[in-house]
Protein chains: 2
Amino acid sequence: MSFSEQSQNKVFDGVLTKYAFTSSALGGLETKINVFIPPKASASAKAPVLYYLAGLTCTEDNGAQKGAFFEAAAQEGIAIVFPDTSPRGANINGENESWDFGTGAGFYLNATKSPWNKYYNMYDFVTKELPDKLKASDLPLDLEKASIFGHSMGGHGALVLYLREFGTYRSVSAFSPICHPVACPWGEKAFNGYLEGGVEAGKEYDAVELLSKLGKTNVDILVDCGLADNFYKQKQLLPETLSEAAKKAGIDANRVQVNLRDGYDHSYFFISTFGAEHIRWHAKFLRA
Amino acid sequence: MSFSEQSQNKVFDGVLTKYAFTSSALGGLETKINVFIPPKASASAKAPVLYYLAGLTCTEDNGAQKGAFFEAAAQEGIAIVFPDTSPRGANINGENESWDFGTGAGFYLNATKSPWNKYYNMYDFVTKELPDKLKASDLPLDLEKASIFGHSMGGHGALVLYLREFGTYRSVSAFSPICHPVACPWGEKAFNGYLEGGVEAGKEYDAVELLSKLGKTNVDILVDCGLADNFYKQKQLLPETLSEAAKKAGIDANRVQVNLRDGYDHSYFFISTFGAEHIRWHAKFLRA
């Protein structure tokens with residue numbers, strides 16, 4: 001039930017710890033997370049929490065090692081929680097056949113197709129089980145103050161969790177997110193593979209659909225996407241559809257900021273360049 | 001002879017490019033480097049160069065991906081060149097048997113023992129062949145303004161190159177360097193394996209020995225080492241011996257700064273925490 005410490009590193013005067021624990025949302029499998037606690041956080045001065053959801057093929061480590069998030073997070077006094085991107089070791093037939101489905105590709109949804117539905121429930125894991133486990137731990141986290149961000153598939157996850165659990169997260173940001181998965185090959189493959197209703201059921205996990213349904217609301221969304229991103233060029237990300245949906249819903253344009261960045265690609269070099277900006281943007285909401 | 005571009009990423013408005021080329025110092029094997037060119041560098045405004053030497057088991061990628069060097073380097077207008085840590089694919093018997101000797105562990109020396117001496121000449125590679133190749137390229141680099149830094153085995157390399165080629169590099173810094181390799185297990189293994197004269201011959205590649213021989217001189221050396229570093233505890237690094245040698249030689253204490261950092265370990269989390277400080281320290285010398 002409880003966290004088992006795997007490793008610990010001091011970074012920017014804060015502490016990054018990797019924990020392992022058994023997850024019921026993930027069918028009883030062991031999962032790992034990284035947690036960054038900023039300096040000066042304590043039981044009497046708990047830190048607000050920013051969740052980081054990583055992209056396809058990644059683990060709890062990529063953002064922690066390559067995102068360059070910790071200097072700004074330490075300065076702003078924000079904790080960052082990095083979950084994994086899927087269950088590991090479910091041993092489902094076909095689980096490890098492709099890099100964009102199965103292991104490393106949980107898409108932050110609750111699967112409804114058997115046998116995936118026993119293990120592939122990253123939506124419940126990130127929105128319910130993980131905060132519950134963190135609350136039950138003695139980590140100095142103020143879980144009532146939470147925001148969320150992510151990259152690519154994790155950007156999709158961050159947007160979807162923010163919009164579906166509206167009010168739970170104070171702000172959402174994303175690097176190169178999959179904005180409209182029902183209309184791109186990655187999303188179609190994932191929804192057809194994990195969901196009984198396929199792509200139609202996938203609308204429940206589609207940021208553009210959810211934003212349209214939410215309508216004119218005071219959202220706080222920040223997106224950065226590189227124009228030299230091959231997945232942008234291949235129309236996997238479709239950030240323009242998010243801006244269009246916001247406009248159509250009558251949402252104030254500066255509450256859904258979508259920045260297209262000249263020359264940047266899909267890599268962590270791009271993320272690291274804008275990482276501190278995202279942290280400081282979330283800090284406005286988390287420390288309000 | 002010339003650089004073959006492998007990949008390119010925009011980062012902090014600068015450009016990181018990976019090149020492959022054939023190296024004569026490394027016995028005709030192909031080697032790879034990463035080169036970061038800061039924004040605004042051009043043929044008429046060439047950037048000074050900082051070489052980064054990585055540690056055991058690493059490649060040209062570790063510092064580029066995890067060091068968090070590029071924000072400061074972009075701001076200071078400094079290029080960073082990341083060579084690999086050894087030749088690759090020499091196919092010498094025993095080359096891949098241990099993580100601290102052979103592949104990934106070139107120790108920045110010129111081997112004299114056969115068959116290593118045909119390939120394992122990272123000293124000549126970094127001090128001669130690499131600058132020559134960079135000069136012959138059309139990259140906007142001011143190679144007359146060069147400094148060097150590194151981590152662990154690469155910190156050893158940086159210190160040794162700075163002290164042996166005194167005057168070539170304006171400043172040297174290191175994270176967790178192997179300061180006195182003739183007196184630690186890593187150094188003993190490397191020198192006995194690569195050098196005809198073993199550890200005795202290794203004195204020519206030992207920062208403490210070289211600094212002592214150099215005597216009272218205006219060096220500019222900055223070292224950071226974590227007190228929670230397991231290799232520090234195992235006496236592989238011996239940073240105190242560097243301070244003692246400087247003191248004994250009568251060198252001004254603020255010209256050999258050795259900072260022991262409470263709670264930090266040997267990882268890139270430590271490096272990333274102090275990376276920008278090192279870059280800005282080198283910038284004082286490189287832009288003077």
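In which strand of chain A is the place of T17(A)? In this predicted model, local features need pLDDT of at least 70, side-chain atom pairs count only at pLDDT 80 or more, and totals for chains, interfaces and linings use all residues. Residues are numbered from 1 along each chain as written, chains are lettered from A in the order written, and side-chain values use heavy atoms, with hydrogens and water left out.

T17(A) sits in β2, residues 14-22 of chain A; strands here are DSSP runs of E with at least two residues, helices are runs of H or I with at least four, and both are numbered from the N terminus. With a relative accessible area of 3%, T17(A) is buried (under 20%, using a 1.4 Å probe and protein chains only). Setting aside neighbours within four places in sequence, T17(A) is in contact with E5(A), S7(A), Q8(A), I33(A), N34(A) and V35(A), contact being heavy atoms within 4.5 Å. With Q8(A), the side chain of T17(A) also makes a polar contact of 2.7 Å (N or O atoms within 3.5 Å, one able to donate a hydrogen and the other to accept it; residues adjacent in sequence count only if both atoms are side-chain atoms).

Now for the two chains. Contacts link 20 residues of chain A with 20 residues of chain B. Together the chains bury about 1800 Å², 55% of it on carbon and sulfur atoms; buried area is the accessible area (1.4 Å probe) lost on putting two parts together, summed over both. Across this interface, 12 residue pairs are in polar contact, both residues at pLDDT 80 or more. On the chain A side, β1 (4-11), α1 (62-66) and α10 (268-286) each supply at least two of the residues touching chain B.

Methods. Buried < 20%, exposed > 50% of the residue type's maximum accessible area, 1.4 Å probe, protein only.
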